[in-house]
Amino acid sequence: MINRRTFTKAVGLGTGAATVSLAGLRSTAAAAGGAPAEHTPGGTPVPAVPAVAPGAHTAFRTLKQVRAGVLDIGYAEAGPAHGPVVLCLHGWPYDIHSYVDVAPLLADLGYRVIVPYLRGHGSTRFLSPGTPRTAEQSAIALDIIALMDALKIDKAVLAGFDWGSRTADIIAALWPERVKALVSTGGYLITNRKAQLEPAAAAVEHNWWYQWYFATERGKKAMENVDERIALCRYVWTLVSPNWDFDDATFQRTAQAFKNPDYAAIVLYNYRWRIGLIEGDHRYSRYEAQLAAQPPVRVPAITLDPTLDPFTPAGDGSAYRDHFTGPYEHRAVVNIGHNLPQEAPTAFAQAVVDADRL
């Protein structure tokens, strides 16, 4: 999930954050200093994404596999093969189904939508049993670069939440030539490991209970037991999306991704690495050194803050605004929790379309 240092000031849930409905997104964007969403600066009308009820779709039509870097990556694909590419990146504890409604909305507008399982999830597998099951933030970003290379995608719109936002932010910061535009839920999520060593406010630390649980032997045992890890993940869904009335079938579709044989190792490594309990693989050291400097994101970007997400920082995006130095808009999405694309697919898809035209 999100970098705990990003929201240290967010002691009161939603305090100071603007709350707008989808109908108010365009005025909010304009007030934030971005171009109005109805037209691009060149005057071309921006398509309005049709409203769709969350849960309108339950599956992807096309699932594929491709060898990319150290992985055999499983991914969903929708839309025309030669359309402009959008890469949608999921977080924890979620999977590609976070985009099961977003993907067809974008595909119907002519986009080629790629939704990969991150390492340790779903049908994504390591090619070699000897590859360390590490999960530094840069390792996950390099997986996506390798996927783009394998699919011969030079440039794409990147859109994500949670681990997906962090991954998209990293690629936009370190490899901006590969990113046409960015949609980042929660803003700037590149982990600052040095800052992570300092205590946060008590209410913030409370939100991160599972991070500390994963640091213990008890937490490790729970994650290594498939039934216990699935129960834990379901509980997290209820906490971070308090307004989302998902059913058993919706959760179970995603929970299949948690049965990946490397799931526990990847999740435990990621959270333990973030708080400095373990050192990263030296192969990623140079990238982590670059990320430690908190590099800016210069590509066109829209940031989204779901107002019921306990990890949304106070201040309507002000906590991370300075990290985005290119064309930029910020939007708050009212009454929506952490899994924004699945809870509010129309708002998320519209942000992708608008970011593509910043």
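W208 and Y210 are both buried, where buried means under 20% relative accessible area, exposed over 50% and partly exposed in between (1.4 Å probe, protein chains only). This is a predicted model, in which local features need pLDDT of at least 70, side-chain atom pairs count only at pLDDT 80 or more, and totals for chains, interfaces and linings use all residues. Residues are numbered from 1 along each chain as its sequence is written, and side-chain values use heavy atoms, with hydrogens and water left out.

Colleague: How are the planes of F258 and Y263 arranged: stacked, edge-to-face or tilted?

Modeller: Rings of Phe, Tyr and Trp (its six-membered ring) pair if their centres lie within 6.5 Å, and planes under 30 degrees apart count as stacked, over 60 as edge-to-face and the rest as tilted. The centres of the F258 and Y263 rings are 5.1 Å apart with their planes at 35°, so the arrangement is tilted.

Colleague: Is R112 buried or exposed?

Modeller: R112 belongs to strand β4, which covers residues 112-116 (strands are DSSP runs of E, at least two residues, numbered from the N terminus). Its relative accessibility is 12%, and R112 therefore counts as buried.

Colleague: Which residue does the side chain of R112 join in a polar contact of 2.7 Å?

Modeller: A polar contact is a pair of N or O atoms within 3.5 Å; within protein, one must be able to donate a hydrogen and the other to accept it, and residues adjacent in sequence count only if both atoms are side-chain atoms. At 2.7 Å, the side chain that R112 joins in this way is that of E77.

Methods. Helix = DSSP H or I, 4+ residues; strand = E, 2+ residues; numbered from the N terminus.
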